[in-house]
Amino acid sequence: QGHQFIGIFGIIRDITERKIVERALQASEDRFRKISELISDYAYVFNIDEEGNWKQEWVTDAFIRITGYTLEEVDARGGWGWLIHPEDHAIFEQHQQLLLAGTKAINEYRIVTRHQDIFWLRDYGNPVWSEPLGRVVQVFGAAQDIFERKQAELQMQQLWQRLKFLLTVSPTVIYTASPGQELHLSFVSENVQKLLGYTPYDVLDDVSFWKTHIHVDDVQRVLEEIARVGET
């Protein structure tokens, strides 16, 4: 005899709470992405497995804009370490080791983009430690483009090197004067020894050096000049 269909047995579960949690988590992640875009050039989250391997969970869209690579392309080449400038690999590896040890890490290094441009990044990493597992299970982070700052630092360094060279080859004395008309020497070029017969260290260590080496007839004029400059 054939079977006759007479009905369906089923169970209905209330999943309202689960859906509310899922939507809240999605909204929270969306907000986090938007905030991350505002306060950094890109933000990211990595999951760490028991062998210490880094598996990318998500990254803000700015990563693609800055590097020129899709996430799939980066993963296919072995991960983010592939983007690091050859001279900064040691810094990046130390950065990762600190995070795997459960320590927050802030480091600066360069990456090379698809178009071979070099970007200086300041990377803020924050590890998530699991007590039951006894290891780091996630790393949250954000990176900021600091190329302009690094360029300014390099220019200042080059300027200082040139200035230092000029001061070294001339018997120039650099000094600062306090409001109390006390002349405190802050720098003395090496050639001052040829001029006065004293080493720069002798001059800087002797707080009364200028008073004892300015001609008595010129002391008052020097004091007045210091006071005049201090008022401007």
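Reader: Contact means heavy atoms within 4.5 Å. On that basis, what percentage of contacts between residues at least 6 apart in sequence join residues at least 24 apart?

Author: In this predicted model, the figure for the protein chain is 42%.

Reader: How many helices and strands does the chain have?

Author: The protein chain has 9 helices and 7 strands. Its length is 232 residues, and 27% of them count as buried.

Reader: What is the order of the strands in the open sheet?

Author: The sheet has 5 strands, ordered β2-β1-β5-β4-β3, and they pair in the antiparallel sense. The edges are taken by β2 and β3, each of which has a single partner strand, so one side of each has no neighbour in the sheet. On average, neighbouring strands are turned by 30° against each other, with direction ignored.

Reader: What holds paired strands together in general?

Author: Strands of a sheet pair through backbone hydrogen bonds, in either a parallel or an antiparallel arrangement.

Reader: Over how many bridges do β1 and β5 pair?

Author: β1 and β5 pair over 6 bridges, in the antiparallel sense. Y44 stands opposite G141 in β5, and A43 stands opposite A142 in β5.

Reader: And β4 with β5, over how many bridges?

Author: That antiparallel pairing runs over 10 bridges. R122 has Q144 in β5 as its bridge partner. The hairpin of β4 and β5 has 4 residues between the strands, and in this hairpin G134 takes a positive phi near 70°.

Reader: Moving on to the helices: how many residues does α4 have, and how far does it reach?

Author: Helix α4 covers residues 89-100, which is 12 residues. From its first C-alpha to its last it reaches 17 Å, close to the 16 Å expected at 1.5 Å a residue.

Reader: Which residues of α4 are buried?

Author: They are F92, H95 and L99. Seen down the axis of α4, these buried residues fall within an arc of 55°, so they line one face of the helix. On the other side of α4, A90 and Q97 are exposed.

Reader: Why do residues three or four places apart in an α-helix point the same way?

Author: An α-helix has 3.6 residues a turn, so residues with that spacing point the same way.

Reader: What covers the buried residues of α4?

Author: The cover includes β1 (42-48), β2 (54-59), β3, β4 and β5 (135-145). Just after α4, G102 takes a positive phi of about 90°.

Reader: A change of topic: how many aromatic pairs does a search of the whole structure find?

Author: The search finds 10 aromatic pairs. One of them joins Y42 and Y44, whose ring centres are 6.4 Å apart and whose planes stand at 50°, so the pair is tilted. Y42 is buried, with a relative accessible area of 2%, and Y44 is buried as well, at 3%.

Reader: Where do Y69 and W82 lie in the chain?

Author: The pair links distant parts of the chain, 13 residues apart: Y69 lies in the loop between α2 (62-67) and α3 (71-76), and W82 lies in the loop between α3 and α4. With 7% relative accessibility, Y69 counts as buried, whereas W82, with 38%, counts as partly exposed.

Reader: Which residues do ring pairs link into a cluster?

Author: The cluster consists of Y42, Y44, F46, W54, F63 and W80.

Reader: What about T113, is that residue buried or exposed?

Author: T113 has 3% relative accessibility; buried means under 20%, so T113 counts as buried. It lies in the loop between β3 (105-112) and β4 (118-130). Leaving aside neighbours within four places in sequence, T113 is in contact with I66, T67, Y69 and F119.

Reader: And Q116, buried or exposed?

Author: Q116 counts as exposed, at 58% relative accessibility. Q116 is also found in the loop between β3 and β4.

Reader: What phi does Q116 have?

Author: Q116 has a positive phi of about 65°, although it is not a glycine. In general, most residues other than glycine have a negative phi.

Methods: Residues are numbered from 1 along each chain as its sequence is written. This is a predicted model: local features need pLDDT of at least 70, side-chain atom pairs count only at pLDDT 80 or more; totals for chains, interfaces and linings use all residues. Side-chain values use heavy atoms; hydrogens and water are left out. Helices (H or I, at least four residues) and strands (E, at least two) are DSSP runs, numbered from the N terminus. Buried means under 20% relative accessible area, exposed over 50%, partly exposed in between (1.4 Å probe, protein chains only). The expected span of a helix is 1.5 Å times one less than its number of residues. The arc is that of the directions from the helix axis to the C-beta atoms. Two strands pair if DSSP finds at least two bridges between them. Axes are lines fitted to C-alpha atoms, for helices over the stretch in contact, and angles run from 0 to 180 degrees between N-to-C directions. Rings of Phe, Tyr and Trp (its six-membered ring) pair if their centres lie within 6.5 Å; planes under 30 degrees apart count as stacked, over 60 as edge-to-face and the rest as tilted.
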